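Here is a short briefing on one protein chain. Please read it alongside the sequence and the coordinates.

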Amino acid sequence: MSELASSGRQQSRMTYLITGARPCGEDAADILVEDGRIAAVGEGLSAPGAEVLDAAGLVVLPGLVDLHTHLREPGREDAETVETGSRAAALGGYTAVHAMANTDPVADTAGVVEQVWRLGEQAGLVDVVPVGAVTVGLRGDRLAELGAMADSAARVRVFSDDGHCVSDPALMRRALEYVKALDGVVAQHAEEPRLTVGAQMHEGDRSARLGLTGWPAAAEEAIIARDVLLAGHVGARLHVCHVSTAGSVEILRWAKSRGVQVTAEVTPHHLLLTDECAEGYDPVFKVNPPLRTDADVEALRAGLAEGVIDAVATDHAPHAVEDKETEWASARPGMLGLEQALSVVVATMVETGLLDWRGVADRMSVRPAAIGRLDGHGRPLAPGEPANLLLLDPGRRAVVDPAALASRSRNSPYAGRELPGRVVHTFLRGVPTVLDGKAQR
């Protein structure tokens with residue numbers, strides 16, 4: 001047994017008494033954490049010898065689950081590692097993250113997904129759940145070893161070529177059929193590639209004025225429309241990554257009304273930022289899919305509140321300095337998201353009255369855990385449940401400083417922006433991964 005594993009087991013035997021917290025923003029209660037589980041919830045609890053955490057005024061939520069994280073390891077450890085990304089996730093209140101497959105080598109075999117999973121185990125800060133590639137090398141021409149990845153120690157249940165669309169409809173149908181047998185889900189990066197050649201930002205009046213090639217909303221919506229029809233035809237589960245347009249929300253609403261097993265996610269940056277950010281040609285705002293219009297942002301918020309969009313997923317995409325601090329056209333798309341995701345949701349959904357705290361728990365923990373088939377995450381704050389939880393100070397506001405982030409990269413679109421909410425504590429199966437806002441490893 002490694003020293004880290006031994007240390008983690010010793011910590012898991014500690015008892016914590018969290019006093020005065022507000023479960024999902026409701027009436028204050030004490031929470032007793034013992035042997036990795038919630039032992040009791042109520043008023044006036046006592047536990048001799050327990051470590052007491054005064055949580056008066058703090059909101060307690062089930063630990064967050066991210067369906068869409070780029071940890072870059074193996075291959076681009078200069079941008080991020082599993083350990084640094086895990087630390088950023090824990091500081092953001094996450095207890096589980098799905099690590100996307102576009103690593104080097106690509107996570108398209110049992111060996112690579114097991115490597116990522118074991119690196120997550122060693123870091124010990126969050127459950128790192130590898131996402132397997134749908135196609136070999138993300139090239140879109142033949143299916144990867146889906147069954148082998150599902151049967152591996154990593155137990156892969158989410159498959160995605162994210163960064164690339166599975167654009168061949170016949171291949172996408174076969175993937176849906178194959179993954180259905182594994183009780184898995186195909187997470188599609190919805191982008192018709194023939195409509196986005198050279199695309200740099202959202203297609204519209206602003207892109208024309210700025211002289212940047214546009215990325216039309218129809219490129220996303222056409223693939224979602226095709227894929228919900230395919231998923232309905234074969235009776236398989238489909239998940240749509242980083243939905244960004246009002247039209248996509250309408251297609252998803254229609255598909256769900258027809259009983260199609262489709263779920264979808266929206267990123268924090270698509271809930272907050274618009275294509276106006278491109279005005280200064282700062283490549284920190286270059287992302288795929290691109291930032292859209294005010295009308296799209298309004299529709300995305302409404303879709304998340306309604307539940308047509310099931311989850312908030314970060315699409316945390318760290319990049320080395322040389323890949324971002326360059327001219328717009330040659331900069332890599334992507335933004336950091338793990339540490340500020342909950343704060344952005346508080347700003348866009350809670351403070352606007354679109355979601356209450358129980359709704360936040362549902363969209364950032366309960367539903368993502370169900371989509372990823374993660375036992376032990378997204379569970380109620382109740383006795384007997386695993387103690388995967390976070391405590392948030394909702395009244396604390398802070399200006400985002402990229403230099404202070406745990407990620408190895410600095411490409412945060414929120415730099416200099418004041419955001420509400422601060423994660424004070426995070427627990428993974430009763431082990432504190434964050435205490436008083438500081439990572440414990």
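Two strands count as paired if DSSP finds at least two bridges between them. Strand 10 (residues 185-188) and strand 13 (residues 238-240) are joined over three bridges, in the parallel sense. Within that pair, A187 has H239 of strand 13 as its bridge partner. The model is predicted. The points below cover the sheet, an annotated site and some backbone features.

- Five strands make up an open sheet with parallel pairing, in the order 9-10-13-14-15.
- Strand 9 (158-159) and strand 15 are the edge strands; each has a single partner strand, so one side of each has no neighbour in the sheet.
- Helix 7 (residues 217-234) lies across strand 10, strand 13 and strand 14 (262-266).
- Relative to strand 13, helix 7 runs at about 165°.

**The annotated binding site**

- An unreviewed UniProt entry carries the annotation "binding site" for H68, H70, D162 and D315.
- These residues span 248 residues in sequence, yet no two of their C-alpha atoms are more than 9.8 Å apart, so they gather at one spot.
- H68, H70, D162 and D315 are included in the lining of the second largest pocket.

**H68 in the site**

- H68 sits in strand 6 (residues 64-69).
- Buried means under 20% relative accessible area. H68 has 0% relative accessibility, so H68 counts as buried.
- Beyond four places in sequence, H68 touches a set of residues including H98, M100, D162, C241, H242, E265 and D315.

**D315 in the site**

- D315 is placed in the loop between strand 15 (311-312) and helix 11 (321-324).
- D315 counts as buried because its relative accessibility is 7%.
- The side chain of D315 makes a polar contact of 3.0 Å with the side chain of H70.
- Setting aside neighbours within four places in sequence, D315 contacts H68, H70, D162, H242, T267, H269, N288 and M335.

**The loop between helix 4 and strand 9**

- S152 belongs to the loop between helix 4 (146-151) and strand 9.
- S152 counts as buried, because its relative accessibility is 7%.
- The S152 side chain reaches the backbone oxygen of M149 at 2.7 Å.
- Outside four places in sequence, the contacts of S152 are A110, V113 and E114.
- R155 is also in the loop between helix 4 and strand 9. At 53% relative accessibility, R155 counts as exposed.

**Backbone exceptions**

- Most residues other than glycine have a negative phi, and most peptide bonds are trans.
- R155 is not a glycine, yet has a positive phi of about 50°.
- R373, a residue other than glycine, has a positive phi near 60°.
- R373 lies in the loop between helix 13 (357-371) and strand 16 (389-399). With 38% relative accessibility, R373 counts as partly exposed.
- D104 and P105 are joined by a cis peptide bond, with omega about 10°. P105 is in the loop between strand 7 (94-99) and helix 3 (110-123).
- N288 and P289 are joined by a cis peptide bond, with omega about 0°. P289 is in the loop between helix 9 (268-272) and helix 10 (294-306).
- N288 is also one of the residues in contact with D315.

Note on methods:
Residues are numbered from 1 along each chain as its sequence is written. This is a predicted model: local features need pLDDT of at least 70, side-chain atom pairs count only at pLDDT 80 or more; totals for chains, interfaces and linings use all residues. Side-chain values use heavy atoms; hydrogens and water are left out. UniProt positions are given in the numbering used here, feature names are shortened, and annotations may be inferred rather than shown by experiment. On a 1 Å grid over the protein atoms alone, a cavity is a set of points where a 1.4 Å probe fits but cannot get out, and a pocket is an open set with protein on both sides within 12 Å along at least five of seven lines; lining residues have an atom within 4 Å of a point. Helices (H or I, at least four residues) and strands (E, at least two) are DSSP runs, numbered from the N terminus. Buried means under 20% relative accessible area, exposed over 50%, partly exposed in between (1.4 Å probe, protein chains only). Contact means heavy atoms within 4.5 Å. A polar contact is a pair of N or O atoms within 3.5 Å; within protein, one must be able to donate a hydrogen and the other to accept it, and residues adjacent in sequence count only if both atoms are side-chain atoms. Axes are lines fitted to C-alpha atoms, for helices over the stretch in contact, and angles run from 0 to 180 degrees between N-to-C directions.
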